[in-house]
Amino acid sequence: MTGSTAATFTADDYRARMERAAREAAEAGLAGLLVAPGPDLVWLTGYTPPAVTERLTLLVLAAGQDPVLVVPALEAPDAHRAAGAAALTPRDWTDGKDPYAATAALLDTSGRFGISDNAWALHLLALQQALPGSSYASLTEALPMLRAVKDTAELDLMAAAGAAADATFEEIQGVPFAGRRESEVAADLDRLLRRHGHEQVDFTIVASGPNGADPHHEAGDRVIARSDMIVLDFGGLRDGYGSDTSRTVHVGEPTEEERRVHDLVREAQEAGFRAVRPGAACQDVDRAARRVIADAGYGEYFIHRTGHGIGVTTHEPPYMIEGEERPLVPGMCFSVEPGVYLPGRFGVRIEDIVTVTEDGGRRLNTTTRELVIVE
């Protein structure tokens, strides 16, 4: 991840985020939050360590206390230059000193803390040893909605990432498909995403013919043939915020069945989108899309959830899945991506990123959802 997002937000923005995180932790019955290097740390402070090493870096947040960033002394200059540095107190430690003792001194000895999902076991076990009366919960379990609701500036960055993915799809339609390997088309997607401003490409799925029945197919050496249906699913980070879109194209004219299945998935995707509104449950989006596919007799071939949240990572809460009763809130961003996967034959997926508005939803991907014919 580049430092471009840091320039978008001010120290006051990061201070507000840290204050809210500490407040929500207290409301959840936690003594505080411990945030290791990764997307949560970037979102809360604007700081990305220059390297992920065994040396402890940890943001300590607790209601009523100033945020403290425990950081190795040799990386402290970079931490002090972070966009959110003015909103926190750095606590440097040098090699040969015990960073866990220094961190433990900041914590309630018998508290329960939320900790980043990607914190190293090495660090968590050392903290438990330093504070044997403490306990921990993953941040996703404790505060799953911490980053879910985006502010206006974040929504602008999400929209720009979506527009860049759309521009990539428009251009990829002009490259040759037939006679080329999936991996070659995937490389074209990577190149185009970067040309349109992505600093990080997370995935470029090109699933042709029978490979389209595998939702997470890795683009390989299969040579794309005329008559292939092809699922394209691609995205990454642009200015630190995610894109993720799927379209299904066809090399040459499709069969009647291929067109019928594509139309069915398009109808399901539209139904899922129409279900987006404030106060609706996340599962309502899944139910709306799934009902269309099930009623057409293809329910057993829709084998994944309808959507996932997206923000500073391309997959995060909330999830559009049966059993998730959490209500939709304006500013949430997530995918709506139903699919039908016919083993050994072909697959179809259509995906847009959608944000919840005050009275419904808004698509952040606007390219055609009709079946596109490529050569």
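His315 is partly exposed, because its relative accessibility of 37% falls in the band between buried (under 20% relative accessible area) and exposed (over 50%), using a 1.4 Å probe and protein chains only. This is a predicted model, in which local features need pLDDT of at least 70 and side-chain atom pairs count only at pLDDT 80 or more, while totals for chains, interfaces and linings use all residues. Residues are numbered from 1 along each chain as its sequence is written, and side-chain values use heavy atoms, with hydrogens and water left out.

**Around His315**

- You can find His315 in the loop between strand 10 (307–309) and strand 11 (316–320); helices (H or I, at least four residues) and strands (E, at least two) are DSSP runs, numbered from the N terminus.
- Leaving aside residues up to four places away in sequence, His315 touches Asp244, Arg305, His308 and Gly309, where contact means heavy atoms within 4.5 Å.

**Backbone details to look for**

- Pro318 lies in strand 11, and the peptide bond from Pro317 to Pro318 is cis, with omega near 5°.
- Ser227 is not a glycine, yet its phi is positive, near 90°; look for Ser227 in the loop between strand 7 (198–208) and strand 8 (229–238).
- Asp239 is another non-glycine residue with a positive phi, about 50°, and it sits in the loop between strand 8 and strand 9 (241–251).

**Strands side by side**

- Strand 1 (residues 32–35) pairs with strand 5 (residues 112–115) in the parallel sense over 3 bridges; two strands pair if DSSP finds at least two bridges between them.
- Within this pairing, Leu33 has Gly114 of strand 5 as its bridge partner.
- Strand 5 also pairs in the parallel sense with strand 6 (residues 135–138), over 4 bridges, and Arg112 stands opposite Ser135 in strand 6.
- From strand 5 the chain passes through helix 6 (residues 121–130) to strand 6 in a right-handed β-α-β crossover. Right-handed means that, with the strands pointing away from the viewer, the path from the first strand over the helix to the second runs clockwise.

**Helix 8**

- Helix 8 (residues 152–172) has 21 residues and should span 30 Å at 1.5 Å a residue, which agrees with the 30 Å between its end C-alpha atoms; the expected span is 1.5 Å times one less than the number of residues.
- At the start of helix 8, a side-chain oxygen of Asp151 comes within 3.2 Å of the backbone nitrogen of Ala153.
- The buried residues of helix 8 include Leu155, Met158 and Phe169.

**Salt bridges**

- Side chains of opposite charge can pair when their charged atoms come close.
- The count comes to 29 salt bridges, each a side-chain nitrogen of Lys or Arg within 4 Å of a carboxyl oxygen of Asp or Glu.
- Arg17 and Glu154 meet in a salt bridge (3.6 Å, N to O). Arg17 is in helix 2 (residues 11–27) and Glu154 in helix 8, so this pair ties together parts 137 residues apart in sequence.
- Asp40 and Arg147 form a salt bridge as well (2.3 Å, N to O), and both residues are buried.

Notes. Polar contact = N/O pair within 3.5 Å; in protein donor to acceptor, adjacent residues only side chain to side chain.
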